Amino acid sequence: MGVESLALVEIENLNYRYPGGRGPALSGINLRVDEGEFLLVIGPSGGGKSSLGRALAGLLPRFHGGFFGGRLRCAGRDLGALQPRELARTVGIVFQDPEKQLIATTVEREVAFGLENLGLGRAEMRRRVAEVLDFLGLGHLRDSPVHTLSGGQQQKVCLAAALAMRPRVLVLDEPTSQLDPGGAEDFLHTLRRLNEELGTTIVLIEHRLERCFHLADRVVLLDGGKVLLDGPPAAVARGAVARGLPFVPAVTGVFARAGFAEPPLTVRDGRRLLRALESAPGVSPGGAGAGSGPAAPVAAVKKVWYVYPDGPEALRDCSWQVPGGRLVAVFGANGAGKSTLLKHLAGLLRPNRGTVTVLGRDTRAQNPARMARRVAFLAQNPGDYLFGDTVAGELKFSRRRLGVQPGAVEAVFRLLGLDRLRDANPRDLSVGERQLVALGALLVGGPEILLLDEPTRGLDPAWKQRLGRTLKDLQAQGKTVVVATHDIDFAAEWAEEAVVLSGGRVAGNGALPEVLEGALYYNSQVGRMFAGIAPVYTVPDAVRWLEARHRAAAAR
Amino acid sequence: MIYREKGLFLQTLHPAATCAFTGGVVLLALVINHPLYLAALLVVCLAALAGLHALRSGAGLFLFCLPVVVLLLLINPLVAPHGTTVLWRGPFLPGLGSLTVSLEAVGFACGMALRLLAVLAAFLVYSAALNPDRVFNLFAGRAPRAAVIFLLALRVYPALLRDYARIREAQTARGVDFDAGSVVSRLASRMLVARGMLATSLERALEIAESMYARGFGSGPRTVYFTESWRPRDGLVLAGVLVAVTAGLLASLSGRAVYNYYPVLDPVFRWEALVPLGVLIPALLTPALLQWGWNRWLWLRSKI
């Protein structure tokens, strides 16, 4: 006889529209979350995931206002009827950006902040703070100023602050979107421990599916404010693939697209299946960028040293030539010098020693604002580029600044498909849309070189595909594209060449398959799955490899 | 200047003691106009800053204020018609009359510059010595909302500096040249950055407010996690401040610390002025002296 699970959260016909919102953010949501369950919520940007998270945390409509309908119960009590203090004890929430959640200046004070708000006694507060810091491995950072911590550590402090309040449900809204792969992995591992060792009920909203899909007991796919799919991870993956939706881990997507009825969710399970197919005859994959000859360099960094004021040496004797007309990925851990290298190529930073030559000229002799017409640099936060009232206004501003013909704006609208956003306020757009508008503002000048720093940060899989296609289109126009990224899967799919930075130096450089070959850390999910089996790194190559062997195995 | 935890003795003082020191120096700088007293206030603050290893970072802010000081030294002598010892007689200007620079007006400008620097130095000591979280806790029990606003305001400053650098860089990448063109076009370029910063700050403020709400802020009476203990060191600092403020106020009320810049400069060194100063300086040097002793004598450490 099975044990019947207890519904901790029950949502009935939930509808919500933000004040001034054009349409409903949530529409007819019916959902339950069981006690101790790990629920993963996925879907496109603007699909209603964050709104659902905020509704679960009782922030809709209390904090944001708007039109709310339906019922939302937690532990048998209507969330709307709870006093704010009871609400904070019932549901905890961790948001995307740790810097925008931290209130105090040291770790211990930050964790205690919520407990003080609950009016707990000092002894109880001390016990809870000590407990949660030790459990999350933050004890040694108790007195550390929060601004000295890494992004991953800061997000763990936010988690500790929420956990210390002992909520019945923990909601996490894209908590790893601002973290590097190492920090994200560590954070998600911590969530797994919380769920398994403490039985904490977790609702995780995430885009990094390959890292968390297998952790979940259940997956819910939201789109257009509605529940599109709801079930165990494998079933949702199959459903998503059947509908042509990209919201599955790369490994799962590969097998599903190759026609496997039961696609694996993890690299480990994928490798088991591959081993079984290994002996079947097949075809050799081409590999990303394989066969392309050497390209003339458009920029060169020669023995460059750079030290930030009051900071570490970011570049140390760094030398690299940027191949013209190629899409190049720059890999490296946090602090490896990726952003610094790109800023040198854009002329925004000048080397302390060594030379940087871009399009035949030393950057020290050039004004960075004037270089902008030929070299575009898109930093990590697209919001920094946007201040106009409309998207059209942003692009026209760039046209005036860069001194180009009026037709350039319309060309960019056509290239990026931004027409429907022409009159929208850039600040009201989703992360992906903002990214595209900021890119558009730079493309107006018709640059020959594009430098993009972590362009996939916070993007959902569909937006990543769109960005990748856009970059390929630009490359087809003869532009050189350099992308500094932690997202190896994105790079493996779209880039042809790669350079690996470590400690401010170039540690590896060449065609992408050569750089990824045998790599453990700097490798795509597909590359890891195929390691030692076949030189396959991208989804299309993997699908081709699998289809050939699947057919051969079926024929036998 | 931003607070940095350095584990220094002066950073362990009770927030009330540090506030008393800062408040005492500022009060005396505003009440007393004698240049010797103002110079003494500046010196005791510099000694405290040295104890806090903050002289270098403080020097940056002093340099930042230098244009104001220079303006004070230039403008006051030109526009103040008082003073009998004329150093320079300039042309007649419509609306301003004959320009004259007198020794007394220069002396007055120097006194005011000293006052400005002493007040600035006192606030630098406060910034370097006191963790904002501890100030928050000091007021958190009685005025929690005001305390949180204060804490957030302190956190906002470094965030704004980072925003400025980032947005300026992004706008440069869009072709905005901040150093080219007329003054008006340069100002217009900077206004772009200001617009971006405003939008970013508003977004950040909303997100912080949401996070605070989700963590129960404003849901009822708060308790306080940290308590500050009052130790002998705090008593010594407070006693020093009380002695200095009493000596300074008495000297001011009795006229000993009153300095006349006009119509002719009083002599700077007068016995009746020096005696209260002999009390004020060592009293206000208490924090710096304790820091000095703390680094040298284990015995003192065990006692304070």
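**Strand pairing and packing**

Author: In strand 17 of chain A, A:Phe377 has A:Leu451 as its bridge partner. This is a predicted model, in which local features need pLDDT of at least 70, side-chain atom pairs count only at pLDDT 80 or more, and totals for chains, interfaces and linings use all residues. Residues are numbered from 1 along each chain as its sequence is written, while chains are lettered from A and ligands numbered from 1 in the order in which they are written.

Reader: In which sense do strand 16 and strand 17 of chain A pair?

Author: Strand 16 of chain A and strand 17 (residues 449–453) of chain A pair in the parallel sense, over four bridges. Strands (E, at least two residues) and helices (H or I, at least four) are DSSP runs numbered from the N terminus, and two strands pair if DSSP finds at least two bridges between them.

Reader: What is the strand order of the open sheet of six strands in chain A?

Author: The order is 16-17-18-13-19-20, and the pairing is mixed. Strand 16 (375–378) and strand 20 (505–511) of chain A are the edge strands, each pairing on one side only. On average, neighbouring strands of this sheet are turned by 15 degrees against each other, direction ignored. Axes here are lines fitted to C-alpha atoms, for helices over the stretch in contact, and angles run from 0 to 180 degrees between N-to-C directions.

Reader: Which strands does helix 16 of chain A lie across?

Author: Helix 16 (residues 461–476) of chain A lies across strand 13 (327–331), strand 17 and strand 18 (480–484) of chain A. Helix 16 runs at about 150 degrees to strand 18 of chain A.

Reader: Changing topic, which residues have the most contacts inside the largest nonpolar core?

Author: They are A:Ala160 and A:Leu451, in a core of 194 residues. Helix 15 (residues 431–443) of chain A gives the most to this core, with eight residues. A nonpolar core is a set of buried Ala, Val, Leu, Ile, Met, Phe, Trp, Tyr and Cys residues joined through C-beta atoms within 7 Å. A second, separate core has 58 residues, including B:Ala17 and B:Phe21.

Reader: What is A:Ala160 in contact with, leaving aside its neighbours within four places in sequence?

Author: A:Ala160 is in contact with A:Val111, A:Val132, A:Leu133, A:Leu136 and A:Leu138. Contact means that C-beta atoms, placed from the backbone, lie within 7 Å.

Reader: And helix 5 of chain A, why is it described as largely enclosed?

Author: Helix 5 of chain A is largely enclosed by the rest of the structure because 12 of its 13 residues are buried. Buried means 20 or more other C-beta atoms within 10 Å of the residue's own, exposed means 12 or fewer, and partly exposed lies in between, with C-beta atoms placed from the backbone. Among the buried residues of helix 5 are A:Lys156, A:Cys158 and A:Ala160. Their cover includes strand 6 (91–94), helix 3 (107–117) and helix 4 (122–135) of chain A.

Reader: What span does helix 5 of chain A reach?

Author: Helix 5 (residues 151–163) of chain A reaches 18 Å from its first C-alpha to its last, close to the 18 Å expected at 1.5 Å a residue. The expected span is 1.5 Å times one less than the number of residues.

Reader: How many residues of helix 11 of chain A are buried?

Author: Eight of the eight residues of helix 11 (residues 338–345) of chain A are buried, so this helix is largely enclosed by the rest of the structure. A:Lys338, A:Lys343 and A:His344 are among them. A:Gly347 follows the helix and has a positive phi, near 80 degrees.

Reader: Which strands of chain A form a hairpin with five residues between them?

Author: Strand 11 and strand 12 of chain A do, and A:Asp310 in the turn has a positive phi of about 60 degrees. Strand 11 (residues 297–307) and strand 12 (residues 313–323) of chain A are antiparallel over seven bridges, and A:Tyr306 has A:Leu315 as its bridge partner in strand 12.

Reader: Finally, how many residues does each chain bring to the contact?

Author: Chain B brings 38 residues and chain A brings 53 residues. Helix 7 of chain B gives the most to the side of chain B that touches chain A, with 13 residues.

Conventions
Contact = placed C-beta atoms within 7 Å.
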